[in-house]
Amino acid sequence: MKFEMPQLNYGIDALEPAISQRTIEFHFGKHLSTYVNNLNNLIPNTPFENASLETIIKNADGAIFNNGAQVWNHTFYFNSFSPKGTKVLADELSAKINEQFGDFENFKKEFGNAAVSIFGSGWAWLVKDGAGKLSIRKESNAGNPLRDGFEPLLVFDVWEHAYYLDYQNKRADHINALWNIVDWNVVAARYSK
Ligand code: MN
């Protein structure tokens with residue numbers, strides 16, 4: 001299987017100031033495309049030559065896992081935003097967030113604390129388990145919770161390449177800005193799936 005670049009659902013300058021056009025040009029246009037190219041170069045003549053990304057994430061190790069997971073993680077990440085964001089309203093997911101985290105503000109605080117406290121490169125995830133219970137998970141490097149049987153709902157990329165051009169060392173400020181562009185319709189649909 002030949003993996004291809006995903007499409008963005010918004011213009012390259014549409015997420016400013018949370019994610020600038022310049023960051024999209026490098027992060028989407030160069031980093032993600034490198035992961036796609038690397039994966040396509042790595043899989044021929046391996047057991048993963050015709051595998052899905054999900055199969056690669058659950059079963060591969062080393063460079064094939066790293067590049068396959070980074071393709072999946074970034075595709076999921078870039079699909080989680082819209083220029084004006086959306087409010088969480090009366091849907092199944094927001095009821096669950098209120099039940100488990102007290103209220104939405106507290107959920108954002110806990111998720112943000114997780115994202116800020118990841119040491120080095122990684123990803124902060126909101127996931128659900130098989131019973132629909134939510135949890136926040138911190139993953140290093142290319143880590144993806146599918147590998148541990150969780151269903152991803154939302155992810156923030158905390159690799160420096162995700163924010164350094166815009167926010168330099170201020171990871172927390174970038175994370176606070178991301179809340180303005182999260183497309184909760186997308187996240188809620190993932191939860192209800
Ligand atoms: Mn990234």
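**Reading helices, domains and salt bridges**

Me: Why are Glu 99 and Lys 96 separated by about one helical turn?

Reply: Glu 99 and Lys 96 are separated by about one helical turn because they stand three residues apart in helix α4 (residues 92-101). Helices (H or I, at least four residues) and strands (E, at least two) are DSSP runs, numbered from the N terminus. The model is predicted: local features need pLDDT of at least 70, side-chain atom pairs count only at pLDDT 80 or more, and totals for chains, interfaces and linings use all residues. Residues are numbered from 1 along each chain as its sequence is written, and side-chain values use heavy atoms, with hydrogens and water left out.

Me: How many salt bridges does the structure hold?

Reply: A salt bridge is a side-chain nitrogen of Lys or Arg within 4 Å of a carboxyl oxygen of Asp or Glu. The structure holds six of them. One of these joins Glu 99 to Lys 96, with the closest N and O atoms 3.5 Å apart. Asp 61 forms another with Arg 147, where the closest N and O atoms are 2.8 Å apart.

Me: Which domains does the domain assignment give?

Reply: Domain bounds come from an automatic or database assignment. Here that assignment gives domain 1 (21-78) and domain 2 (92-192). Their centres, taken over C-alpha atoms, are 20 Å apart. Each domain brings 21 residues to the contact (heavy atoms within 4.5 Å). The area buried between them is about 1,700 Å², with 62% from carbon and sulfur atoms; buried area is the accessible area (1.4 Å probe) that two parts lose on being put together, summed over both. Thr 23, Phe 76 and Tyr 77 supply 36% of what domain 1 buries against domain 2, more than any other three residues. Across this interface the rule finds one salt bridge.

Me: At what angle do the axes of helix α5 and helix α7 cross?

Reply: Two packed helices are described by the angle between their axes and the distance between the axes. The axes of α5 (residues 104-117) and α7 (residues 171-178) come within 10 Å and cross at roughly 145 degrees. Axes are lines fitted to C-alpha atoms, for helices over the stretch in contact, and angles run from 0 to 180 degrees between N-to-C directions. In this crossing, Gly 112, Ala 115 and Val 116 of α5 meet Arg 171, Ala 172 and Ile 175 of α7.

Me: Where is Asn 141 placed, and what is its phi?

Reply: Most residues other than glycine have a negative phi, and most peptide bonds are trans. Asn 141 lies in the loop between β2 (134-140) and β3 (151-157); although not a glycine, Asn 141 has a positive phi of about 55 degrees. The peptide bond from Glu 16 to Pro 17 is cis, with omega near 0 degrees, and Pro 17 sits in the segment before α1 (21-42).
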